[in-house]
Amino acid sequence: MDVTFVQEDRYTFRIPRRGKMRADAVFFASKRILAHLESENYASLVQLMNVATLPGVVGPALAMPDLHWGYGFPIGGVAAFDPEVGGVVSPGGVGFDINCGVRLLASGLERRDLEPRKAWLADRLYENVPAGVGSRRPDPKLNRKGLARVLAEGAGWVARQGWGEAGDLEFIESGGRLEGADPGRVSERAYERGLPQLGTLGSGNHFLEVQYVEKVYDPEAAAAFGLAEDRITVLIHTGSRGLGHQVAQDYIQRFLQVAPKYGIELVDRQLAAAPIESPEGQAYLAAMAAAANYAFANRQLITHYVRTAFEAAGFAPRDHALRLVYDLAHNNAKFETHGGRRVLVHRKGATRAFGPGAPDLPPAYAAVGQPVLVPGDMGRYSYVLVGTTGAMEKSFGSSCHGAGRVLSRSRSKKQVKGRDLVRELAERGIEVRAASRRTVAEEAPEAYKDVAEVARVVEGAGIGRRVARLRPLIVVKG
Amino acid sequence: MRLRMLDHTADVGFEVEAGSLPALFEGAAKGLLQVMFEGPLEAEPGDEHRLRLEAESLETLLVRWLDELAYLVQTRGEVPLEAEVSLDRTSTGWRLEARLATAPFDRVADRFAGEVKAATYHGLEIKQTGDRYRARVILDV
């Protein structure tokens with residue numbers, strides 16, 4: 001399929017509606033990002049155009065600057081659907097890792113406090129936070145009934161077990177619990193997969209990093225978020241583990257069966273969808289919310305393990321003072337009001353980026369906007385951005401979620417073959433602890449695009465603003 | 001049976017070609033193991049495991065088959081080293097029956113390359129050309 005787009009301003013491009021598209025598509029890119037899209041024969045833009053064919057889409061279908069080729073929706077895709085006009089929900093538009101997201105903690109420590117104990121802390125983190133496949137802790141002793149409560153109550157359930165601090169919940173998107181979760185809509189197999197995995201990182205691109213604030217771009221927002229140069233932070237990236245994957249599998253299959261009944265023509269099976277107001281749509285949203293709550297709970301429990309690890313490394317609670325800056329998701333579907341309409345916003349590899357004064361912000365951030373956490377790669381840096389009024393107007397209050405790969409996993413492995421990446425990173429001051437060396441090779445820094453370019457385009461397009469840049473000191477991977 | 005691993009930027013997957021549908025499914029199982037594990041698995045198969053799956057289309061059945069095998073490995077700790085598949089048409093679609101020879105995950109854990117979240121339907125189509133069957137599968141890892 002040929003792709004035709006027009007440039008609207010320096011970083012904004014529009015694909016006018018054509019063929020089966022029901023709305024325009026818009027994406028944000030720089031010249032460099034555009035060249036990369038071209039090198040993939042615009043495959044991810046074709047996926048974006050496919051999204052715009054779904055019923056009830058409220059235009060435009062959007063892609064963030066970290067856009068890349070996915071399945072069904074492109075990664076970096078944002079699309080809103082209006083239930084009043086037959087709008088759909090698509091489990092493929094949420095993805096397999098439901099409510100996968102990132103949580104940032106800020107500490108009371110500075111870089112000089114941590115450096116002497118860095119390797120020791122790395123070991124304690126690796127011991128305390130299960131990362132590899134099948135690795136788990138003897139606690140929490142969770143049974144099926146307890147898991148059902150996790151699915152209903154999210155991060156709050158974990159905090160109420162004593163694994164959290166007062167005030168944690170306020171700094172989680174939606175308070176760490178999506179409304180409408182129904183644990184009864186989650187299959188027994190999803191329960192089976194989820195039971196042993198609460199409080200585990202998982203493999204692939206999931207990670208835990210200890211970092212320091214290298215640069216502050218926006219002192220006012222940084223002060224509101226409690227970030228200052230040299231301050232130690234912790235970034236946790238994980239999702240709903242096997243439970244979420246199973247929920248997605250179950251409902252994609254069910255939606256494929258019912259799509260014809262609702263007259264939904266699928267240009268790609270992975271876009272399987274059903275009307276939001278249909279029994280199937282409602283069942284998925286209830287199961288998705290349950291899986292989302294599992295993901296919030298997972299990051300909450302890992303936060304508890306991180307605090308424990310800092311204490312085991314000799315940092316007393318009053319010294320490490322680890323507190324949440326924010327926890328946000330980059331794979332979900334949520335009801336929000338945009339342009340006076342209540343719509344279901346799908347974000348697949350995209351984050352919510354609400355601007356100042358938007359609903360669901362902690363009071364402390366109401367004047368500056370929502371923190372947007374954008375992980376880069378393990379050798380360079382990650383960014384903290386803040387949501388803007390521009391994002392509310394242009395992108396359904398959404399922004400980017402990461403760097404995006406530039407090398408495939410096998411090419412990355414080939415590239416670093418014969419090199420001791422763990423040692424190289426150690427020489428650059430980054431302690432890596434990983435269950436598998438292969439994961440490290442697949443996740444090598446050069447396998448990713450430079451996230452600085454993505455952050456720059458986000459700012460240029462007006463859908464976010466840079467607040468701070470974080471450099472890794474410790475990386476824990478599955 | 002021919003298996004070709006795909007090398008995409010964001011995803012992994014494989015193309016499989018075989019002279020029969022059961023061989024295509026058996027080949028896809030090998031493709032999944034090549035993604036999940038590094039290098040040949042040298043463990044001796046011990047247990048036998050039987051599977052029965054149904055789906056309305058061959059493509060859905062292929063996704064279910066791969067998801068089932070990933071579940072066996074990652075949740076049940078049983079690695080299907082060998083698979084013998086039979087396929088039958090039913091009134092509503094297709095039925096797969098498989099006999100698997102499995103080894104405990106612990107024996108091959110050092111070769112494990114990372115989790116597979118699911119098989120996707122993206123671009124999935126089982127094509128028949130003459131007496132050859134072909135499928136292309138993208139996995140979410």
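Helices are DSSP runs of H or I with at least four residues, strands are runs of E with at least two, and both are numbered from the N terminus. Following α17(A) is A:G462, which has a positive phi, near 80 degrees.

Two remarks on the source. This is a predicted model, in which local features need pLDDT of at least 70 and side-chain atom pairs count only at pLDDT 80 or more, while totals for chains, interfaces and linings use all residues. Residues are numbered from 1 along each chain as its sequence is written, and chains are lettered from A and ligands numbered from 1 in the order in which they are written.

Staying with chain A, an unreviewed UniProt entry places the feature "active site" at A:H401, with the caution that such annotations, given in the numbering used here and with shortened feature names, may be inferred rather than shown by experiment. In the model, A:H401 sits in the loop between β17 (398-399) and α14 (409-416) of chain A. Is A:H401 buried or exposed? A:H401 counts as buried, because it has 29 C-beta neighbours inside 10 Å. Setting aside neighbours within four places in sequence, A:H401 is in contact with A:D66, A:H330, A:G349, A:A350, A:T351 and A:V374, where contact means that the C-beta atoms, placed from the backbone, lie within 7 Å.

Turning to chain B, we have three helices and eight strands, which run along the sequence in the pattern β-β-α-β-α-β-β-α-β-β-β. The radius of gyration of chain B, taken over C-alpha atoms, is 14 Å, close to the 14 Å that the globule rule (2.2 Å times the number of residues to the power 0.38) gives for 141 residues, so chain B is as compact as a globular protein of that length. Of these 141 residues, 45% are buried, and among the contacts in chain B between residues at least 6 apart in sequence, 67% join residues at least 24 apart.

Finally, the contact between the chains takes 35 residues from chain A and 27 residues from chain B. On the side of chain B that touches chain A, the elements giving two or more residues are α2 (58-74) and β8 (132-140) of chain B, and α2(B) provides the largest share, three residues.

Note on methods:
Contact = placed C-beta atoms within 7 Å. Buried ≥ 20, exposed ≤ 12 C-beta atoms within 10 Å, placed from the backbone.
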